[in-house]
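Here is a short briefing on one chain. It covers a strand pairing and a domain contact.

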Amino acid sequence: MSTAKALKKVVAAVILDLDGTLIHTDGILSDVLKALLLKYGKQWDGREAQKIVGKTPLEEATIVVEDYELPCSTDEFVTQITPLLYDQFCNIKALPGANRLIKHLSDHNVPLALASNSPRAYVESKISYQQGWKESFSVIIAGDEVRAGKPSPDIFLEAAKRLGIEPSRCLVIEDSLPGVTGGKAAGMEVVAVPSIPKQTHLYIAADEVISSLLDLQPEFWGLPPFDDWIDGTLPLEKWHIGGPVVKGFGRGSKVLGIPTANLSTKGYSALLSEHPSGVYFGWARLSTQGVYKMVMSIGWNPYFNNTEKTIEPWLLHEFDGDFYGEELRLVIVGYIRPEANFTSLESLIAKIHEDRRIAERALDLPLYLKYKDDPYLKGSSL
């Protein structure tokens, strides 16, 4: 990666959380809660999302039953929701960077444990749909196998014991505050990857806070570094998105001097919650004008403090006029950096131009150039 950091501490093992850290369960849980609450004539509005992150299923159920004043006991609610969740486990996706991290640590024989607040049966079922995961973990420990779940340190101490490694030599990677609290209480180093947007400031107890697993630098912890960065870029499994070009905030060309071709986020909330905020690049096709190199930001743009996550591609070509309403298709093939805040408009603009240079150079490499002919770009309808 482009910004090397000083070694913080040498660790001997890594303990990973599951939900929200390795797999994207928030959307599945919201869908199931929405359907179940509807039967009680209630509307799931997501307001409990922050309250239930990192909790055990029983704690989650207690919060929902109380907050929505449901006419059932917590146990009854758990009985109702459990089969609905099991039906959805097969649809859970690995979060960006999860497969890469597990494979990397496994290939380098780094002792690896999975420590989840979910019951053992949930954990086994969820990871059974993720190829190669079960074999990669020396230890798998669930919330119903210890006296108290996170934020208690029990699950982490038990994981270290089973790994045969001192707690102080373990690195925990967690997305929730209860997980970070438990990891620190166990005397371990903790990297936080917050799963709820705009909550980074709450993770003061963590030793490091990163925006996604794509940004983890194992060498910072004395572990073997990733060797898959190429000229300041990280190749990704391609994904695509498209739609008509819409009017943005009017600041791209006016404030920044960078004309972005904004896409509506309508219908893409699941995709946006799946992909971390940051700067990506790839190929763009305008239906009437051809295929162009593209660099784009996905996120909240902290400098402008957006209230919603946006998709702002910059087509690296000088156009004569605007093209609002024209169909735009994007194939995203690589990642450059996490979203960042800036102290001045000048430093933000300088960084965006640096992103452009990195993307332009990278897209000439055969690895990325081949996607210029991707079938998605040529399709006649979205």
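Strand S7 (residues 189-192) runs parallel to S8, and two bridges join them. Strands are DSSP runs (E, at least two residues) numbered from the N terminus, and two of them pair if DSSP finds at least two bridges between them. The model is predicted: local features need pLDDT of at least 70, side-chain atom pairs count only at pLDDT 80 or more, and totals for chains, interfaces and linings use all residues. Residues are numbered from 1 along each chain as its sequence is written, and side-chain values use heavy atoms, without hydrogens and water.

**Sheet**
- Val-191 has Glu-208 in S8 as its bridge partner.
- The open sheet has six strands in the order S5-S4-S1-S6-S7-S8, with parallel pairing.
- Strand S5 (139-142) and strand S8 (208-209) are at the edges; each has a single partner strand, so one side of each lacks a neighbour in the sheet.

**Domains**
- The domain assignment, automatic or from a database, gives domain 1 (13-22 + 92-221), domain 2 (25-91) and domain 3 (234-377).
- The C-alpha centres of domain 1 and domain 2 are 23 Å apart.

**Domain 1 against domain 2**
- In contact (heavy atoms within 4.5 Å) are 19 residues of domain 1 and 17 residues of domain 2.
- The two domains bury about 1,600 Å², 61% of it on carbon and sulfur atoms. Buried area is the accessible area (1.4 Å probe) lost by two parts on being put together, summed over both.
- In domain 1, Ile-92, Tyr-122 and Ile-196 lose the most area to domain 2, together 42% of what that side buries.

Conventions: Helices (H or I, at least four residues) and strands (E, at least two) are DSSP runs, numbered from the N terminus.
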